Amino acid sequence: MYGRKVKLRFLFVVIILITLILTTFLILNSLEENVVYFKSPSEIKSLTELDKNKIRVGGMVKKNSISINSDEVNFIITDFKNEINVIYSGAVPSLFAEGKGVVAEGFLKDRNFFSAIKILAKHDENYMPPEVKEALGEK
Amino acid sequence: MLKLLEPNKIFQITSKAPKYVLLLFIIVLSIGLVEALILSPEDYKQSDAVRIMYVHVPAAWISLGIFSSITLLSISGFIFKNKNFFLISKSLAPSGFVFNLIALVTGSIWGKPTWGTWWAWDARITSMLILALFYLMYLIAWRIYDSEEKVYKISTFITIIGIINVPIIKYSVDWWNTLHQPASINIMTKNSIHSSMLYPLFIMTAAFALFSLLIFLMKYNTELIKIKNKGLDRL
């Protein structure tokens, strides 16, 4: 139905696409470690050697773990398997709260202790009006 | 069907349609803005900052949709040697680029009060920036090359490489830890966005789609005039 040239051009595009998809897949797979924006406390626990460079740790702020003394904030980041203590001095974003997502940027002191220089609040995918949230909370 | 593709027939549509599309766009945008800015509720956590989403999300959707469309059209144009497909792609690209920039800028404005930063090099945000660069390459390619044969091939090649990035943008939030939240609107599973926020979002998407259509018709009309001036009567 179609000419030989048309079929060849179709094949050409298909081969380019397959090659590109495979290449991209391989690159992204090998870059896995660096594509992630933050590590979870479990990943920190399983590190064979402590990273001296600036890293990011993310997870949930553990319930009842925030303590503020003068200008220092202490809290625990958890992924519900492992936890890490975070110390930070400075202003926190308004959405920073217990039981909510957080990403801390800073340096590891050891596997259980993280000194943050920047705190980012991670927003989740839930969007609802306050009334609905209250109704959900009562259940 | 083939009759419809006659330049004169298309020209009649593209020269008259914009004013009606503009009218429709203004109506839908007004409804959308009233819904998004006044009638829709504030969010339980981010309060009024949620309203930025009604611009951010539709803009991102449209920019992804347009890039996918120009890729499909360019590839079809390349395979079947159809000049018209390339001209449609060329006319679609500018509004896709503009919405891509709008998505990046509104995301940045939303990020400061919620995340606490204007910019993060996370997978979603970076891949969206890469899409903007592909749009830019595509648009520049059309300006650089005078030879039609050359520009058709090069622009097609740019879209083929760029389209690999589109699924990466979509799934980046699921594949990797990102600062950007995962999708709230899912076809297969339950939406995690309340319906009172969903309707304004869809109306705004319709408004932005109409704006893209408007810009497309105007650009495409110009392309057709160029062809007419060259004295060609077939696409």
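Met204(B) has its place in helix 7 of chain B, where helices (H or I, at least four residues) and strands (E, at least two) are DSSP runs numbered from the N terminus. The model is a predicted one, in which local features need pLDDT of at least 70, side-chain atom pairs count only at pLDDT 80 or more, and totals for chains, interfaces and linings use all residues. Residues are numbered from 1 along each chain as its sequence is written, chains are lettered from A and ligands numbered from 1 in the order in which they are written, and side-chain values use heavy atoms, with hydrogens and water left out.

With a relative accessibility of 1%, Met204(B) is classed as buried; the class covers residues under 20% relative accessible area, while exposed means over 50% and partly exposed in between (1.4 Å probe, protein chains only). Contacts, taken as heavy atoms within 4.5 Å, link Met204(B) to Leu29(B), Gly32(B), Leu33(B), Ala36(B), Tyr54(B), Val55(B) and Pro58(B), once residues up to four places away in sequence are not counted.

Neighbours within four places in sequence aside, Glu148(B) is in contact with Lys83(B) and Lys230(B). Between Glu148(B) and Ile158(B) there are ten residues of sequence separation and 15 Å in space, C-alpha to C-alpha.

A nonpolar core is here a set of buried Ala, Val, Leu, Ile, Met, Phe, Trp, Tyr and Cys residues joined through side-chain atoms within 4.5 Å. The largest such core has 74 residues, of which Met53(B), Phe67(B), Ile70(B) and Leu131(B) touch the most other members. Two or more residues each come from helix 1 (4-35) of chain A and from helices of chain B, including helix 2 (53-80), helix 4 (123-144) and helix 7 (195-229). Helix 2 of chain B gives the largest share, 14 residues. Apart from this core lies another, of 17 residues, with Ile84(A), Tyr88(A), Phe114(A) and Ala116(A) among them.

Chain A can be described next. Three helices and six strands make up its elements, and from the N terminus on they run α-α-β-β-β-β-β-β-α. The chain is more spread out than a compact globule, because its radius of gyration of 23 Å is well over the 14 Å that the globule rule gives for 139 residues (radius over C-alpha atoms; rule of 2.2 Å times the number of residues to the power 0.38). Along the principal axes, the C-alpha atoms fill a box of roughly 75 × 45 × 25 Å. Buried residues account for 35% of the 139 in chain A. Of the contacts in chain A with a separation of 6 or more, 53% join residues 24 or more positions apart.

Within strand 6 (residues 113-122) of chain A sits Ser115(A), a buried residue with a relative accessible area of 19%. Not counting residues up to four places away in sequence, Ser115(A) touches Ile87(A), Gly106(A), Phe107(A) and Lys109(A).
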